[in-house]
Amino acid sequence: MEAKERLEQIRQDWLDQPNLTDTLKEYLNNYYYDDYSYCEECDMIDHDSNWFWYDSDEYTDYLHIKCNKDKYLEQ
């Protein structure tokens with residue numbers, strides 16, 4: 001499954017929960033994609049503050065800290 005599809009699936013799962021507050025509904029409908037990214041390696045959606053920009057001689061990428069602790073500490 002592509003990352004965008006997985007992200008949308010999880011957003012829909014949250015929206016299907018009963019008793020959501022109006023604030024949370026507004027967030028899920030308007031701002032959700034601005035603050036979170038999906039990590040295919042660990043199949044987890046995490047806040048963008050838990051990702052980092054990795055720049056090395058080999059490659060450059062936006063990496064999830066949980067799956068790339070060694071590279072995060074290296075930086």
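**Charged side chains and their setting**

Tutor: A search of the whole structure turns up one salt bridge, meaning a side-chain nitrogen of Lys or Arg within 4 Å of a carboxyl oxygen of Asp or Glu. Please keep in mind that this is a predicted model, where local features need pLDDT of at least 70, side-chain atom pairs count only at pLDDT 80 or more, and totals for chains, interfaces and linings use all residues. Residues are numbered from 1 along each chain as its sequence is written, and side-chain values use heavy atoms, leaving out hydrogens and water.

The partners in that bridge are R11 and E8, with their closest N and O atoms 3.0 Å apart. Both sit in helix 1 (residues 3–15), and because they are three residues apart there, about one helical turn separates them. (Helices are DSSP runs of H or I with at least four residues, strands are runs of E with at least two, and both are numbered from the N terminus.) R11 counts as buried at 10% relative accessibility, while E8 is partly exposed at 25%. Here buried means under 20% relative accessible area, exposed over 50%, and partly exposed in between, using a 1.4 Å probe and protein chains only.

Now for the acidic side chains elsewhere. D55, D57, E58, D70 and E74 form a negative surface patch. Patch members have over 30% relative accessible area and no salt bridge, with like charges joined within 9 Å. Asp and Glu count as negative, and the place of a charge is taken as CG of Asp or CD of Glu. Accessible areas come from the Shrake-Rupley method.

Where does D57 sit? D57 is in the loop between strand 3 (51–55) and strand 4 (60–64), and its relative accessible area of 86% makes D57 exposed. D55, another patch member, has T60 in strand 4 as its bridge partner.

The other hairpin carries an Asp in its turn too: strand 1 and strand 2 have four residues between them, and D43 there has a positive phi of about 50 degrees. Strand 1 (residues 36–39) and strand 2 (residues 44–47) pair in the antiparallel sense over four bridges, with C39 opposite M44.

Finally, D34 lies in helix 3 (residues 32–35) and counts as exposed at 53% relative accessibility.

Note on methods: Patch = residues over 30% accessible without salt bridge, like charges linked within 9 Å, V, L, I, M, F, W, Y side chains within 5 Å. Areas by Shrake-Rupley, 256 points an atom, 1.4 Å probe, with all protein chains shown as cover. Pairing = 2+ DSSP bridges.
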